[in-house]
Amino acid sequence: MKPITSIFDLEAMAKDRLPAVIFDYVHGGSEQQITLQRNVNDMRALALRQHDLRNVADRKLAVTMVGDPARIPLAIGPTGLAGLTWPNGECEAARAAADFGVPYCLSTMSINSIEDVAEATGKPFWFQLYLMKEHNVNENLIRRAHDAGCSALVLTLDLHVQGKRWADEKNGLSVPPKLTLHNAVDMAKHMGWMLSMVKSKRRTFGNLEHEVAQVKNLSALTQWIESQFDPSFDFDTVKWVRKQWDRKLILKGIMLADDARLAIDAGADAIIVSNHGGRQLDGAPSSISVLPGIADAVRDRIEVLFDGGIRTGADIVKALGRGAHACLSGRACLYGLAANGREGVDCALKLFEDELNDCMALTGLKTLDHVPAEAVTAQPSL
Ligand SMILES: Cc1cc2nc3c(=O)[nH]c(=O)nc-3n(C[C@H](O)[C@H](O)[C@H](O)COP(=O)(O)O)c2cc1C
């Protein structure tokens, strides 16, 4: 087998191993995928300043993220249904993150439950919350995350309604995947994935299946979830969450400086500048393009984290140079998980570390505490 030299190799392996219905879900964005493409293209378009003649023999990659140690400035971001890509996928990814030494964030919409992940890692992780219309479910999820020892709650702000992902609608994505003739043929072509999934401890949304007493079967559970995303959500709701949670609170999905200021007023410890990886508002700007304005508005009062389009270690340097304290990875680590489980996630993290280390050497950076804005510029036109 040829060596795996980049995240793009993991992406190709994930594509080979997964049925299209699952790969399209992982890989795709909403509607025309304009924002998804902007995230990746705008990141690529940034130029790094080559800075020689510095002694960069000793380089320090480690940082802390909301007080948690991070061997590199990258956490694994929340991704729903990760457990459909690999058996017990969330537990495996959380273990890989804990062994490597970066934070792991579990999604509300995971297949493994909060308690499964706590048992699998024995280390604190972050829990991402989608607020549901039924407030007792929110209270229960927050309490369960607290009891499981989660060190941070990541409240996602940008899911008032679910973005339309055309491929998922066409493929009939459901949990577990629907056995239409088309999907059955597709799955039969991916026997390795099919056989491996028999080892899954769970088949549905592990965090929600016992929360909703009136829901008796899987399709009713999916319908219930779809009806629960709450468009009335505003900053009073954030203040309510702040009162329920006495550990670190991170607000995910900030794309405006004004919202970042409100987040500080609401008592957040950090924000994540994010457009949900181009899966929600199609047409929104790339997250990297709005990052400097938001970082300026926050002026180090709380941590500014960033996601969207991180595919290499150099992308992390770019985000830090544009004002982020650290980053989260969605798809890149999920490709690793889908390609080869815990080892695939470890491989993705090591690729990031290696690339980051090289990029620091070539841009004259010894630490990542303060990456100067001049280190990252728009590519000058010829
Ligand atoms: C398959 C998939 C599922 C996701 N599920 C969630 C989720 O459950 N909660 C959430 O806050 N964000 C979710 N996201 C968004 C990611 O947390 C993150 O914002 C985004 O993936 C970052 O962009 P990147 O994939 O380019 O790294 C998901 C993203 C993907 C790709």
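This is a predicted model: local features need pLDDT of at least 70, side-chain atom pairs count only at pLDDT 80 or more; totals for chains, interfaces and linings use all residues.
A residue is called buried here when its relative accessible area is under 20%, and exposed when that area is over 50%.

Beyond its neighbours within four places in sequence, Gly278 is in contact with Gly29, Ser30, Thr35, Leu36 and Asn39. Met65, by comparison, is 213 residues away from Gly278 along the chain, and the C-alpha atoms of the two are separated by 24 Å.

Gln33 belongs to the loop between helix H2 (20-27) and helix H3 (34-45). Its phi is positive, near 65°, in a residue other than glycine. Because its relative accessibility is 26%, Gln33 counts as partly exposed. A positive phi in a residue other than glycine also occurs at Val66, where the angle is near 40°. Val66 sits in the loop between strand S2 (63-65) and strand S3 (68-70). With a relative accessibility of 6%, Val66 counts as buried.

The interior of the model may be considered next. In soluble globular proteins, nonpolar side chains tend to be buried together. Here the largest nonpolar core comprises 124 residues, and those with the most contacts inside it are Trp126, Leu155, Leu208, Ile271 and Phe306. The element that gives the most to this core is helix H15 (residues 331-363), with 15 residues. For Ile271, the contacts that remain when neighbours within four places in sequence are left aside include Ile250, Leu251 and Ile254, together with Ala260 and Ala263.

In H12 (residues 257-265), the buried residues are Ala260, Ala263 and Ile264. These residues cover an arc of only 100° around the axis, and so they lie on the same side of H12. Asp258 and Asp265 are exposed on the other side of H12. The cover over the buried residues of H12 includes helix H11 (235-244), strand S8 (248-254), S9 and H13. After H12 comes Gly267, with a positive phi near 90°.

H5 is followed by Gly122, which has a positive phi near 65°.

Helix H14 (residues 313-321) is mostly covered, with eight of its nine residues buried. The buried residues are Gly313, Asp315, Ile316, Val317, Lys318, Ala319, Leu320 and Gly321. Just after H14, Gly323 adopts a positive phi of about 115°.

Helix H10 (residues 218-228) contains Leu221. At 4% relative accessibility, Leu221 counts as buried. Leu221 is 46 residues from Val175 in sequence, while the C-alpha atoms of the two are 9.4 Å apart in space.

At Pro78 a polar backbone atom is 2.7 Å from an oxygen atom of the ligand. At Ser107 a polar side-chain atom lies 2.7 Å from a ligand oxygen atom. Arg311 also takes part, with an N or O atom in its side chain 2.9 Å from an oxygen atom of the ligand. On its own the ligand has 600 Å² of accessible area, and the protein covers 98% of it.

Conventions
Residues are numbered from 1 along each chain as its sequence is written. Side-chain values use heavy atoms; hydrogens and water are left out. Helices (H or I, at least four residues) and strands (E, at least two) are DSSP runs, numbered from the N terminus. A nonpolar core is a set of buried Ala, Val, Leu, Ile, Met, Phe, Trp, Tyr and Cys residues joined through side-chain atoms within 4.5 Å. Buried means under 20% relative accessible area, exposed over 50%, partly exposed in between (1.4 Å probe, protein chains only). Contact means heavy atoms within 4.5 Å. A polar contact is a pair of N or O atoms within 3.5 Å; within protein, one must be able to donate a hydrogen and the other to accept it, and residues adjacent in sequence count only if both atoms are side-chain atoms. Accessible areas come from the Shrake-Rupley method with a 1.4 Å probe; for residues, only the protein chains shown count as cover. The arc is that of the directions from the helix axis to the C-beta atoms.
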